[in-house]
Amino acid sequence: MLPKKTLNMDNKYIYIKSYGCQMNVYDSNRMKDLFLNKGYKLTDDVSKANLTILNTCHIREKAVEKVYSDIGRIKKVKNSKNNMKIVVAGCVAQAEGIEIKKRSPVVDFVVGPQSYHKLPDMIKNSEEVLNSDFLQNEKFKNLVYNSSNLSSEFLSIQEGCDKFCSFCVVPYTRGPEFSRPINDIIKEAKKYVSNGIKEIILLGQNVNAYHGISYDGKTRDLSYLINKISEIDEVKRIRYMTSHPIDMEDTLINCHASNPKLMPFLHLPIQSGSNPILKKMNRKHTVEDYLRIVDKIRTVRPDIAMSSDFIVGFPDETDKDFENTMKFIENVKFVIAYSFIYSPRPGTPAQHKDNIETPIKKARLSALQSLLNEQQVKYNNSFLDRTMEVLFEKNGRHKNQYIGRTIYNQSTFTESKTKILNKILKVKITKTSNFSLECQI
Ligand code: SAH
Ligand code: SF4
Ligand code: F3S
């Protein structure tokens with residue numbers, strides 16, 4: 001029998017590290033709230049922690065390696081102080097379960113992304129592994145919701161994925177698509193604004209597949225939800241991510257024209273600009289489908305800033321396929337995008353083939369990133385001397401420095417002797433670079 005592990009929860013410190021996507025950040029915030037509610041204090045110093053939670057990501061092999069190397073380092077801290085428990089939560093916990101404890105016996109608890117509301121009980125009852133159920137509904141009902149930020153807060157409205165792209169672990173780690181009821185989301189948004197939050201970022205692995213139950217028992221889509229949230233006076237800005245092209249309905253596209261609180265920024269991953277590769281990826285849309293969406297949205301909201309995700313070196317990707325991806329990027333003119341080298345993932349349909357040589361993958365990634373970078377620089381330069389609205393969200397590294405974001409999601413900084421945190425102000429852009437803008441109030 002495994003030894004009993006108990007934990008006294010009085011006056012204890014909790015350390016949480018989040019890996020991967022924004023939904024993990026949201027989940028980490030909820031775990032933090034659960035334990036703060038039980039009297040824990042938060043620390044960013046792992047050596048002080050009595051409970052260390054690693055909220056992990058399984059999306060690429062590197063993300064998983066990072067977790068195991070961190071566990072190695074934390075093991076030394078744990079062994080030197082003797083009163084720390086280690087929890088592995090998140091998507092690696094869901095995918096690997098008990099194997100994590102076999103590989104790293106120093107880990108005390110393993111909990112998947114749909115079961116973490118039970119973590120305090122697991123610890124109390126010495127239950128070491130819980131990753132089997134997809135309990136989305138039960139989870140959201142049993143969480144604690146406090147703001148972690150001053151201005152902008154993530155709010156998960158949808159979870160899971162039914163799309164099964166051939167490269168991706170998410171349908172297995174997060175389970176089937178689930179939409180939270182509108183009422184619960186509005187309540188959570190109101191809680192955040194009562195703490196001063198001005199911007200709500202709606203999250204989901206397929207956020208635009210949202211179809212939640214409304215007050216009247218009817219199922220409503222994302223545009224309806226956005227309009228409902230925008231009725232809350234104190235909410236000044238709404239964003240959403242991540243969307244899938246096949247769920248990009250006209251109602252949502254039109255919402256970008258009709259709802260001034262919905263920010264003109266769309267993160268819409270395509271993965272490749274070549275149809276044969278999209279087919280092998282099981283993406284269920286073509287390059288032309290994507291371009292039609294871009295056309296439609298630019299018709300109703302010409303200034304929309306487009307963002308995307310790309311995978312290079314997918315099995316059988318030819319030079320021609322890659323060239324088409326480059327042409328596609330030039331055509332759409334993304335203002336920002338994330339790009340990754342293909343990583344074969346256990347349990348996914350594409351896992352058995354990885355036939356593009358590493359130097360070719362690296363060269364393609366580097367060419368693609370240079371092009372994206374060039375577009376980003378050009379885009380940001382076009383804002384020089386322009387006046388725009390910025391929500392100032394945090395202090396910068398220097399004295400009197402503040403950092404905020406434009407409506408197009410660009411990071412912007414300025415110096416101010418008066419306090420401007422959590423204010424939306426008109427600024428003039430005075431300097432630009434690829435990653436940020438400098439402004440004057
Ligand atoms: N739901 C979103 C994104 C999910 S994961 C979508 O539909 O696009 C975030 C990004 O990680 C993906 O968009 C993809 O670009 C990348 N990714 C996912 N699996 C990967 C893999 N096996 N190798 C490399 N990148 C991957
Ligand atoms: Fe993964 Fe595809 Fe689902 Fe996005 S849509 S989470 S890439 S399976
Ligand atoms: Fe990673 Fe899980 Fe998010 S695999 S990207 S943390 S949904």
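**Entry 1: the second largest pocket**

I began with the second largest pocket, which 15 residues line, with Arg60, Lys62, Ile341, Tyr342 and Ser343 lying nearest its centre. For the term pocket I used an open set of points, on a 1 Å grid over the protein atoms alone, where a 1.4 Å probe fits and protein lies on both sides within 12 Å along at least five of seven lines, and I took as lining the residues with an atom within 4 Å of a point. I noted that this is a predicted model, in which local features need pLDDT of at least 70, side-chain atom pairs count only at pLDDT 80 or more, and totals for chains, interfaces and linings use all residues. I also noted that residues are numbered from 1 along each chain as its sequence is written, that chains are lettered from A and ligands numbered from 1 in the order in which they are written, and that side-chain values use heavy atoms, with hydrogens and water left out.

The volume of the second largest pocket came out at about 330 Å³, a volume being the space filled by probe spheres set on grid points that are joined across faces, edges and corners. Helix H2 (61-81), E16 and helix H14 (358-381) each give two or more residues to the lining of this pocket, and H14 gives the most, with four residues. Helices (H or I, at least four residues) and strands (E, at least two) are DSSP runs numbered from the N terminus. I sorted the lining by class into five nonpolar, three polar and seven charged residues, where Ala, Val, Leu, Ile, Met, Phe, Trp, Tyr, Cys and Pro count as nonpolar, Asp, Glu, Lys and Arg as charged, and the others, Gly among them, as polar.

**Entry 2: ligand 1**

I then asked which residues surround ligand 1, and found 16, the closest being Phe167, Gln205, Gln271, Asp309 and Ser343; a residue is near a molecule or strand if one of its heavy atoms lies within 4 Å of it.

For polar contacts I used pairs of N or O atoms within 3.5 Å. A polar side-chain atom of Gln271 is 2.6 Å from an oxygen atom of the ligand, a polar backbone atom of Gln205 is 2.7 Å from a nitrogen atom of the ligand, and an N or O atom in the side chain of Arg60 is 3.1 Å from an oxygen atom of the ligand. The protein covers 89% of the 540 Å² of accessible area that ligand 1 has on its own, areas here coming from the Shrake-Rupley method with a 1.4 Å probe.

**Entry 3: ligands 2 and 3**

Around ligand 2 I listed residues including Cys161, Cys165, Cys168, Asn206, His244 and Arg283, and the shell divides into seven nonpolar, two polar and two charged residues. Around ligand 3 I found Cys21, Asn24, Thr56, Cys57, His58, Ile59, Cys91, Arg174 and Gln205, which by class are four nonpolar, four polar and one charged.

**Entry 4: strands**

I counted two strands as paired if DSSP finds at least two bridges between them. An open sheet of six strands runs in the order E2-E1-E3-E4-E5-E6 with parallel pairing; strand E2 (41-42) and strand E6 (129-130) stand at its edges with a single partner strand each, so one side of each is left without a neighbour in the sheet. Within this order, E3 (residues 51-56) and E4 (residues 85-90) share six bridges, and Leu51 has Lys85 as its bridge partner.

Further along, E17 (residues 387-395) pairs antiparallel with E20 (residues 424-432) over five bridges, and antiparallel with E18 (residues 401-406), also over five bridges. Leu391 stands opposite Arg405 in E18 and opposite Ile424 in E20. E17 and E18 form a hairpin with five residues between them, and Asn400 in the turn has a positive phi of about 65°. E20 is joined by four antiparallel bridges to E21 (residues 436-440), in a hairpin with three residues between the strands.

**Entry 5: backbone exceptions**

Most residues other than glycine have a negative phi, and most peptide bonds are trans. I recorded a cis peptide bond between Met241 and Thr242, with omega about 0°; Thr242 sits in the loop between strand E13 (237-241) and helix H10 (250-258). Lys284 has a positive phi near 70°, and its place is the loop between helix H11 (275-280) and helix H12 (287-300).

Terms used:
Polar contact = N/O pair within 3.5 Å; in protein donor to acceptor, adjacent residues only side chain to side chain.
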